[in-house]
Amino acid sequence: MVMRSLYSHLFQEVEYKHMGKIFKSLMDVQSARKIFLDAAQPIKSIEILPVETADHRILADDVVSEMDVPHYSRSAMDGYAVKADDIIGASPSSPVVLKLTDGDITSNTCSIVHTGSPIPRGADAVVMLEDSRVINATVEITTQVYPGKNVGEIGEDVAAGEMVLKAGHQLRPGDLAVLGSMGIRDIEVFHKPLIAIIPTGEEVVPRGIPLEPGHVWETNSLMTAAYVSRTGGIPRINDIVSDDPQLIGEAIHANSDANMLIICGGTSVGKRDHVAAVIKEMGELPVHGIAISPGKPTALGIFNKKPIMCMPGYPVAGYIALIAFGKDMIRKIGHIPLTKEKILKLSLCRKITSRQGYETYVRVRIKDDTTVEPVMTSGAGILSSVAKADGYVIVPPNIEGYGAGTMVDVIFF
């Protein structure tokens, strides 16, 4: 096969690399993230969706209103449409009496209106029901109003020709209502980024089959797919690929239509870790080995102008890689606005340690309204520590942890 001849020499290359030192140098997190994001190419393809299904999607073009909203003068309250000049000086002790009419408003007449009702011709204000008393065919007005009071003018909400929303805006429920009020039924949005997820490893097997010693169920793709969906992408999970350079290369080629690839496992420098070498041969691998804990073996590359994130096989390390590098890449290629994380400043009830020289992500749990406790600092394979945690604390590489009582920023998962 052509593919085998293309990748067969990688076996020798990988074996040679294993004879050297493990990660002779590590890149800092900020530099690695910048290199990775600078290679991003936001998607250009768009689709047209009914506004009913466009919540949380990203506008592909500016939205300019073709009509006034409202397109008629309307009452903002239940009450009586009046001429403001007719009730100057009205008060509870000195009410002004107006005659009820069903037609146009002339001097000393009024007409009952409801919220949203057109304002009768001749009226310029609305008196609320609670500021009036009905007596036979007349109405006593007990307060004065100025012209325009309780009246929604033409174009008061949206004016014809007004730019209402800009391209790149992430639609919210209120935005959809505004679009609907403008008569817009369909809207152009960017396609969601397609993220191919490739799980690898000899030791992982599909969930549900009987386990044998040395095997574990593959769950990294499950975690990654959920994270991709939550971030705004469309995950596509591939079958498990064994630790074979040829098969890894074939899987990468088979997913070249995706906007981004995430490979789970095979990123370290063991004898069965071939992913980094394959990517380096096929494309570019500017980052391999990052000063982050957990997550040091993370590799960031480019193939066919598409970003590839290679997350460590240990699940917690992989999860931290998704947070530190995957999230912002998915957002950038999908035009999804970067949002600030939910952060709460709390006091540590116990000290936390960290690896000096590494940006350390410490899993923590909220203890009460004012304090937080560490769940685990190390243990990249203890996935339950993530489930038991509410969030994490980032310890900078130049600090050896934080002492009890220190106020820290807790970032929620």
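Which residue has its charged end over the ring of Phe-412? Select Phe-412 and look above its ring: the charged end of Lys-342 sits there, 4.8 Å from the ring centre. Keep in mind throughout that this is a predicted model.

Next, select Arg-355 and Tyr-358. Here Arg-355 lies over the face of the Tyr-358 ring, and the distance to the ring centre is 4.0 Å.

Now turn to contacts between rings. A pair of aromatic rings is described by the distance of the centres and the angle of the planes. Searching the whole structure gives four aromatic pairs. Start with Tyr-319 and Phe-413: the ring centres are 5.4 Å apart and the planes stand at 50°, so this pair counts as tilted. Colour the chain by element to see what this pair joins. Tyr-319 belongs to helix α8 (residues 315–333), while Phe-413 is in the segment after β26 (407–412). The two residues are 94 residues apart, and the pair links distant parts of the chain.

Show the surface for each partner in turn. Tyr-319 is buried, with a relative accessible area of 13%. Phe-413, at 29% relative accessibility, is partly exposed.

Tyr-392 is buried, at 5% relative accessibility.

The last stop is the largest pocket. Which residues lie nearest its centre? Select Pro-312, Gly-313, Tyr-314, Pro-315 and Ala-317, which hold that position among the 38 residues of the lining. The space in this pocket is about 750 Å³.

Then highlight β15 (216–217), β19 (292–293) and α8, each of which supplies at least two residues of the lining.

How values were computed:
Residues numbered from 1 in each chain as written. Predicted model: local features only at pLDDT ≥ 70, side-chain atom pairs only at ≥ 80, totals over all residues. Heavy atoms only, no water. Phe/Tyr/Trp six-rings, centres within 6.5 Å; stacked < 30°, edge-to-face > 60°. Helix = DSSP H or I, 4+ residues; strand = E, 2+ residues; numbered from the N terminus. Buried < 20%, exposed > 50% of the residue type's maximum accessible area, 1.4 Å probe, protein only. Lys NZ or Arg CZ within 6 Å of the ring centre and 35° of its normal. 1 Å grid on protein atoms, 1.4 Å probe; cavity = no way out; pocket = protein on both sides within 12 Å on 5 of 7 lines; lining within 4 Å. Points joined across faces, edges and corners; volume = space filled by probe spheres on them.
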